[in-house]
Amino acid sequence: MFSDFIDMLFPRTCLTCRSLLEKNEELICTHCRYELPQTNFHLQADNDLARKFWGRVPLKYAFAYLRFVKTGKVQMLLHHLKYYGKEEIGEMLGRWYGNELKKSELAQEFDLVLPVPLHPSKLKKRGYNQCDSIAKGLAEGLGIAWDSQLLVRNKATMSQTRKDRIERWENVEDIFSVLQLEKVRDKHILLIDDVITTGATLEACSLPLQNVGCKSLSIAGLAVGFS
Ligand SMILES: [Zn+2]
């Protein structure tokens with residue numbers, strides 16, 4: 001009853017179409033949920049995202065939940081997640097994706113989910129790492145462990161909104177590092193990013209994981225953009 005009263009004062013609306021949410025809906029209405037442009041890359045090992053990394057990082061799998069299109073619903077959701085404090089959207093979408101992945105046989109493949117870390121200065125400014133919430137939801141959906149403390153970001157070089165290709169002169173290996181090597185060694189790691197565009201961040205992030213001897217490496221994005 002009290003929640004009905006709160007709903008009356010502060011109507012809950014869909015983040016993408018602003019229609020009123022039903023009681024059983026959270027953040028996104030059912031109509032918008034089914035309109036989300038899923039890539040289904042997890043059903044096809046040789047997909048457009050995997051091809052992005054050919055000759056750059058040896059990946060076992062590369063997939064992303066949604067296709068990022070400027071001015072579309074996915075962009076709106078990502079803006080809420082990254083700039084308007086809606087941390088919970090990452091967890092919810094991550095869980096939906098994890099549930100989807102679990103229907104395929106991929107769930108048994110991975111040992112550990114690791115989010116791409118933020119630089120401490122950025123974390124302090126935003127108050128949370130949006131990749132943590134995605135990783136948490138996705139790991140829950142898959143039924144495997146995740147850890148936000150193993151990977152750290154030492155440099156805030158590539159900005160979140162302008163992820164250019166890493167310049168050759170830059171010491172790429174120093175951008176990220178692994179803290180507890182034994183937790184990563186001989187594990188199949190699933191690395192999580194919010195939006196994959198050039199793949200430069202994931203490429204830099206994969207280096208220390210490979211250097212400490214993870215068994216294999218796969219990547220998953222909440223969204224992927226192709227320009
Ligand atoms: Zn909607």
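The largest nonpolar core has 57 residues, a nonpolar core being a set of buried Ala, Val, Leu, Ile, Met, Phe, Trp, Tyr and Cys residues joined through C-beta atoms within 7 Å. A residue is buried if 20 or more other C-beta atoms, placed from the backbone, lie within 10 Å of its own. This is a predicted model, in which local features need pLDDT of at least 70, side-chain atom pairs count only at pLDDT 80 or more, and totals for chains, interfaces and linings use all residues. Residues are numbered from 1 along each chain as its sequence is written.

**Core**
- Ala 64, Val 113, Ala 135, Leu 138, Leu 191, Ile 192 and Ala 223 have the most contacts inside the largest core.
- At least three residues of this core come from each of domain 1 (1–35) and domain 2 (36–224), with bounds from an automatic or database domain assignment.
- Beyond its neighbours within four places in sequence, Ala 223 is in contact (C-beta atoms, placed from the backbone, within 7 Å) with residues including Ala 64, Phe 68, Leu 78 and Val 195.

**Sheet**
- An open sheet of 5 strands has the order E1-E7-E6-E2-E3, with parallel pairing; two strands pair if DSSP finds at least two bridges between them, and strands are DSSP runs (E) of at least two residues, helices (H or I) of at least four, numbered from the N terminus.
- E1 and strand E3 (145–146) are at the edges with a single partner strand each, so one side of each has no neighbour in the sheet.
- Strand E2 (residues 112–115) is joined to E6 by 4 bridges, and Val 113 has Leu 190 as its bridge partner in E6.

**Helix H4**
- Among the buried residues of helix H4 (residues 73–82) are Val 74, Leu 77 and Leu 78.
- The buried residues of H4 pack against strands E1 (62–67), E6 (188–196) and E7 (216–224), and against helices H5 (87–103) and H7 (130–142).

Note on methods. Buried ≥ 20, exposed ≤ 12 C-beta atoms within 10 Å, placed from the backbone. Contact = placed C-beta atoms within 7 Å.
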